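Please look through the sequence and the structure before reading on.

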Amino acid sequence: ATGGFVDGCAVRGSRANAVSGDGSLIAGHLDAQGWRGAAWIDGALTMIGQDDVKGWVGSVNAVSDNGAVAVGGEAGDFDGWGWGIDGYVWHADTDTTTNIGHVAMPCETFAPWACDWMPEIVLPTTPFGVSDRGDIVVGRAGSPWDGFAGFFWMEETGIVEFGEFLRGQGIVEAYTNDVISPLAISGDGKTIVGWGLGQTNQ
């Protein structure tokens, strides 16, 4: 950077994970009783997600190129535990968050061995990419214990399993390939990149 290092704050454990195209928005988290979402707008710190039901959200994973929005996880308050499993979109101009929810799947489609005690599998969502308008979000749902599934979110449709979304667009490869983790999306929302498994599990 031409101006050298910028001191984000004096709190131990602050970390920046993402930056807008012009560098005006930097976002990540502060380590304060967990990773609490934080953003630096032109160098000024703001704690994001204060409008969330529990007063905070998790770490920011990505920001849009134009710096208008950021995304991350741990929003909401699942079953009153004081910990969230939902993804969120944070809007920089209004300092407000939109909860995009989590993924719930029948056990037969995700964990058939658990159906006796868990007929529905609830998966936390972790957004990794967002369009410039904040109206499209991609990422993955799940955990190392339960496994992962990609997701696609739009304001109009809510969360959709990513393979289902691709098949709905007529992508025939989605019938034989599993996109587990969409990782980024272009500003116009028309190009998505990520990784997954093919027929040979590669």
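The model is predicted: local features need pLDDT of at least 70, side-chain atom pairs count only at pLDDT 80 or more, and totals for chains, interfaces and linings use all residues. Residues are numbered from 1 along each chain as its sequence is written, and side-chain values use heavy atoms, with hydrogens and water left out.

**Overall make-up**

- Of the 202 residues in the chain, 42% are buried. Buried means under 20% relative accessible area, exposed means over 50%, and partly exposed lies in between (1.4 Å probe, protein chains only).
- Among contacts with a separation of 6 or more, 35% join residues 24 or more positions apart, where contact means heavy atoms within 4.5 Å.
- The chain has an accessible surface of about 10,800 Å², and carbon and sulfur atoms account for 53% of this surface. Accessible areas come from the Shrake-Rupley method with a 1.4 Å probe, and for residues only the protein chains shown count as cover.

**Nonpolar cores**

- The largest nonpolar core has 12 residues, including Leu25, Ala39, Ile48, Val57, Tyr88 and Trp90. Such a core is a set of buried Ala, Val, Leu, Ile, Met, Phe, Trp, Tyr and Cys residues joined through side-chain atoms within 4.5 Å.
- At least two residues of this core come from each of strands E2 (25–31), E5 (60–63), E6 (69–75) and E7 (86–91).
- Another core, of 9 residues, lies apart from it and has Ala62, Val69, Val71 and Val130 among its members.
- Beyond its neighbours within four places in sequence, Ala39 has contacts that include Leu25, Ala27, Ile48 and Trp90.

**A buried serine**

- Ser64 is found in the loop between E5 and E6. Ser64 counts as buried because its relative accessible area is 0%.
- A polar atom of the Ser64 side chain lies 3.1 Å from the backbone nitrogen of Ala68.
- Residues up to four places away in sequence aside, Ser64 touches Ser20, Val69, Val130, Ser131 and Asp132.

**A surface patch**

- Trp113, Trp117 and Met118 form a nonpolar patch on the surface, and together they have about 410 Å² of accessible area. Patches consist of residues with over 30% relative accessible area and no salt bridge; like charges are joined within 9 Å and nonpolar side chains (Val, Leu, Ile, Met, Phe, Trp, Tyr) within 5 Å.
- Trp117 sits in the loop between helix H1 (107–110) and strand E10 (120–123). With a relative accessible area of 60%, Trp117 is exposed.

**Salt bridges**

- Side chains of opposite charge can pair when their charged atoms come close.
- The count is 3 salt bridges, each being a side-chain nitrogen of Lys or Arg within 4 Å of a carboxyl oxygen of Asp or Glu.
- Asp52 and Lys54 form a salt bridge, with their closest N and O atoms 3.0 Å apart. Both Asp52 and Lys54 are buried.
- Arg133 and Asp135 meet through their side chains in a salt bridge of 2.7 Å, N to O. Arg133 is exposed at 68% relative accessible area, whereas Asp135 counts as buried at 12% relative accessibility.
- Glu161 forms a salt bridge with Arg167, the closest N and O atoms being 3.6 Å apart. Arg167 is partly exposed at 30% relative accessibility, and Glu161 is partly exposed at 24%.

Conventions:
Helix = DSSP H or I, 4+ residues; strand = E, 2+ residues; numbered from the N terminus. Polar contact = N/O pair within 3.5 Å; in protein donor to acceptor, adjacent residues only side chain to side chain.
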